[in-house]
Amino acid sequence: MLIDNHARTINYLRLAVTDRCNLRCNYCMPAQGIDFVPSDRLLSISELKQLSGLLVGQGIDKIRITGGEPFVRKDLMELLQHLSQLEGLKDISVTTNASLIGPHIDQLKELGITDVNVSLDSINRDTFERITRRKQFDTVHGNLVRLISEGFNVRINFIVLEGQNEQDIIPTLEAMKHERVSVRFLEEMPFNGGAKNFNTIKWNHKSILDHITAAFPHYRKLESPKTSTSINYKIQGHAGTFGIIPSFSRTFCGSCNRLRITATGDVITCLYGRPVANLRDLLRSGQGDKQVIDTILGAVSSRAKTGFEAQALHADTVFDSSMTSIGG
Ligand code: SAM
């Protein structure tokens with residue numbers, strides 16, 4: 001069991017497999033992209049397998065694969081196949097922009113990987129293509145429809161962006177009315193590779209809920225797991241649900257059960273903190289599993305209590321990075 005210095009059990013690993021992405025979402029990185037790291041600095045497939053095994057041995061029972069765009073990585077399915085055989089790992093999920101997932105859907109099903117979060121910041125083609133700076137709407141939408149119709153447990157991540165997609169909140173809920181999906185609205189965070197700075201947001205969790213309430217007054221709040229970051233609701237007459245994630249307001253830190261490992265092996269114990277160790281260098285120095293586990297235990301035993309506390313420790317640099325490097 002990994003238990004942090006605030007008595008929180010850490011059983012959930014968000015494992016980034018690359019910092020590269022084929023989209024250029026304007027809230028995530030500048031138009032020209034970021035300085036992607038040389039590929040030999042990314043964790044190799046065998047390092048990813050080794051780390052996953054070590055962490056599952058320490059009580060991690062849920063791994064979400066993220067990035068960058070995970071499906072940019074040609075050997076991703078080899079990792080997923082390995083994870084699907086790890087005893088003790090109960091839950092494997094993937095966060096993706098859904099542009100490259102199409103050829104892998106059958107194999108994901110065969111491996112029993114059915115939890116897929118799809119980032120879709122608008123159901124409107126023009127808005128989507130303006131935000132992502134790429135013409136991928138048809139592919140993404142087609143893959144989303146296929147995932148839903150093939151029975152995957154799909155959650156849509158929609159970052160609410162002032163002046164960009166607020167007009168698409170309600171149409172996106174309308175479009176998904178008959179689908180058994182969860183549409184989750186997230187607050188924007190300033191992890192955009194220096195594209196813009198901000199200290200407050202117009203679209204916080206309260207204003208998002210007010211906006212939805214005005215259009216759909218008949219909804220009820222759902223019970224959610226204690227460690228859930230989303231507050232979840234069901235609109236009367238809708239097949240699925242919607243959720244709101246206060247990712248900027250950070251009202252959920254008290255029950256945080258997450259650990260992040262970036263594609264370069266950095267250990268991040270809070271999204272709003274800086275990396276506290278690097279496991280790739282340890283693995284490559286040949287120091288052995290014990291050293292890696294001790295480093296992870298050390299990281300977990302000195303976590304900030306909240307995202308605000310973590311941010312205060314590195315106030316000058318915390319927002320320099322992009323979510324594509326952190327592994328959102
Ligand atoms: N490429 C995959 C995808 O698009 O889902 C996985 C990586 S992406 C960095 C993970 C999540 O982070 C996505 O849902 C994305 O919308 C979110 N994200 C990226 N930048 C963000 C920001 N500045 N604020 C809030 N969420 C952000």
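**Notebook: a predicted model and its ligand**

I began with the surface: the protein exposes about 14100 Å², and carbon and sulfur atoms supply 49% of that area. I note here that the model I examined is predicted.

**Entry 1. Overall form**

I looked up the secondary structure and found 11 helices and 14 strands in the protein. Along the principal axes, the C-alpha atoms fill a box of roughly 55 × 45 × 40 Å. I then checked the radius of gyration, which is 19 Å; a compact globule with 328 residues would have a value near 20 Å, so the protein agrees with that expectation. Of the 328 residues, 54% count as buried. I also looked at contacts between residues at least 6 apart in sequence, and 73% of these join residues at least 24 apart.

**Entry 2. The ligand**

Which residues are the closest to the ligand? I found 18 residues surrounding the ligand, the closest being Tyr-27, Gly-68, Glu-69, Ser-119 and Met-189. By class, this shell holds six nonpolar, nine polar and three charged residues. Two strands, β5 (91-96) and β7 (153-160), each supply at least two residues of the shell.

A backbone N or O atom of Tyr-27 lies 2.8 Å from a ligand nitrogen. For Glu-69, a polar side-chain atom lies 3.0 Å from a nitrogen of the ligand. Phe-191 places a backbone N or O atom 3.4 Å from a ligand nitrogen. On its own the ligand has 550 Å² of accessible area, and the protein covers 95% of it.

**Entry 3. Thr-18**

I located Thr-18 in the loop between β3 (12-16) and α1 (45-57). Is Thr-18 buried or exposed? Its relative accessibility is 3%, and because the limit for buried is under 20%, Thr-18 counts as buried. The side chain of Thr-18 reaches the backbone nitrogen of Arg-20 at 3.0 Å. Beyond four places in sequence, I found that Thr-18 touches several residues, among them Leu-42, Thr-66, Ala-263 and Thr-324. Gly-68 and Glu-69 are also touched by Thr-18, and both are listed among the residues closest to the ligand.

**Entry 4. Thr-269**

I found Thr-269 in the loop between β13 (266-268) and β14 (277-278). Thr-269 has 7% relative accessibility and therefore counts as buried. Leaving aside neighbours within four places in sequence, Thr-269 is in contact with Arg-258, Leu-259, Val-276, Ala-299 and Arg-303. I also compared Thr-269 with Thr-306: they are 37 residues apart in sequence, and their C-alpha atoms are 10 Å apart in space.

How values were computed:
Residues are numbered from 1 along each chain as its sequence is written. This is a predicted model: local features need pLDDT of at least 70, side-chain atom pairs count only at pLDDT 80 or more; totals for chains, interfaces and linings use all residues. Side-chain values use heavy atoms; hydrogens and water are left out. A residue is near a molecule or strand if one of its heavy atoms lies within 4 Å of it. A polar contact is a pair of N or O atoms within 3.5 Å; within protein, one must be able to donate a hydrogen and the other to accept it, and residues adjacent in sequence count only if both atoms are side-chain atoms. Accessible areas come from the Shrake-Rupley method with a 1.4 Å probe; for residues, only the protein chains shown count as cover. Helices (H or I, at least four residues) and strands (E, at least two) are DSSP runs, numbered from the N terminus. Ala, Val, Leu, Ile, Met, Phe, Trp, Tyr, Cys and Pro count as nonpolar, Asp, Glu, Lys and Arg as charged, and the others, Gly among them, as polar. Buried means under 20% relative accessible area, exposed over 50%, partly exposed in between (1.4 Å probe, protein chains only). Contact means heavy atoms within 4.5 Å. The radius of gyration is taken over C-alpha atoms; the globule rule is 2.2 Å times the number of residues to the power 0.38.
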